[in-house]
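The following paragraphs go through one model step by step. Please keep the sequence and the coordinates in view while reading.

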Amino acid sequence: MLVLITYDVNTQDAQGGKRLRKVAKACVNYGQRVQNSVFECLLSPAELCIVKNQLLNIMDNQKDSLRIYNLGNNYKTRIEHYGTKQTYSPEDPMIY
């Protein structure tokens, strides 16, 4: 299933900067960054639980925000892309 993970980390102090880097690093392990704080992740239900728990353990509930959108398996009809950034298919192999 395709999951969209978005976050907003308060970086007004040094701890916020550390949290921001940790959240981004955790998301990179599971998906593709499509905007600065937005990741598209093709996950199994078990992987979703793992990444969600990781992110909830990193963030500060009093200062930060995390949103997770489950687009399901029929996500192709739910995504529209416009503009300059090149789009991709999360099912295609990723080459590093």
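How do the residues of the lining of the largest cavity divide into nonpolar, polar and charged? There are six nonpolar residues, one polar and one charged. The lining is made up of Tyr7, Val9, Val23, Leu55, Met59, Asp64, Ser65 and Leu66. This is a predicted model, and a search of the whole structure finds one cavity of 30 Å³ or more. The space in the largest cavity comes to about 40 Å³.

To place these residues, consider the chain as a whole. It has two helices and four strands, and from the N terminus on the elements follow the order β-α-β-β-α-β. The chain has 96 residues, of which 28% count as buried. Among contacts with a separation of 6 or more, 64% are between residues 24 or more positions apart.

Helix 2 covers residues 45–58, and its length can be checked against a simple expectation. With 1.5 Å for each residue, its 14 residues should span 20 Å, and the C-alpha atoms at its ends are 20 Å apart, so the two values agree. Three residues of this helix, Leu48, Val51 and Leu55, are buried. Viewed down the axis of helix 2, the buried residues fall within an arc of 75 degrees, and therefore they line one face of the helix. The face turned away from that buried side carries Ala46 and Asn57, which are exposed.

What do the buried residues of helix 2 pack against? Their partners are strand 1 (2–8), helix 1 (14–28) and strand 4 (65–72). One of the buried residues, Leu55, is also among the residues that line the largest cavity.

Is Arg19 buried or exposed? Its relative accessibility is 11%, so Arg19 counts as buried; the cut-off for buried is under 20%. Which residues is Arg19 in contact with, once its neighbours within four places in sequence are left aside? The contacts of Arg19 are Val9, Asn10, Asp13, Ile58, Met59, Asp60, Lys63 and Asp64. Among these contacts are Val9, Met59 and Asp64, and Val9, Met59 and Asp64 also belong to the lining of the largest cavity.

Technical notes:
Residues numbered from 1 in each chain as written. Predicted model: local features only at pLDDT ≥ 70, side-chain atom pairs only at ≥ 80, totals over all residues. Heavy atoms only, no water. Expected span 1.5 Å × (residues − 1). Buried < 20%, exposed > 50% of the residue type's maximum accessible area, 1.4 Å probe, protein only. Arc of directions from axis to C-beta. Contact = heavy atoms within 4.5 Å. 1 Å grid on protein atoms, 1.4 Å probe; cavity = no way out; pocket = protein on both sides within 12 Å on 5 of 7 lines; lining within 4 Å. Points joined across faces, edges and corners; volume = space filled by probe spheres on them. Nonpolar A, V, L, I, M, F, W, Y, C, P; charged D, E, K, R; others polar.
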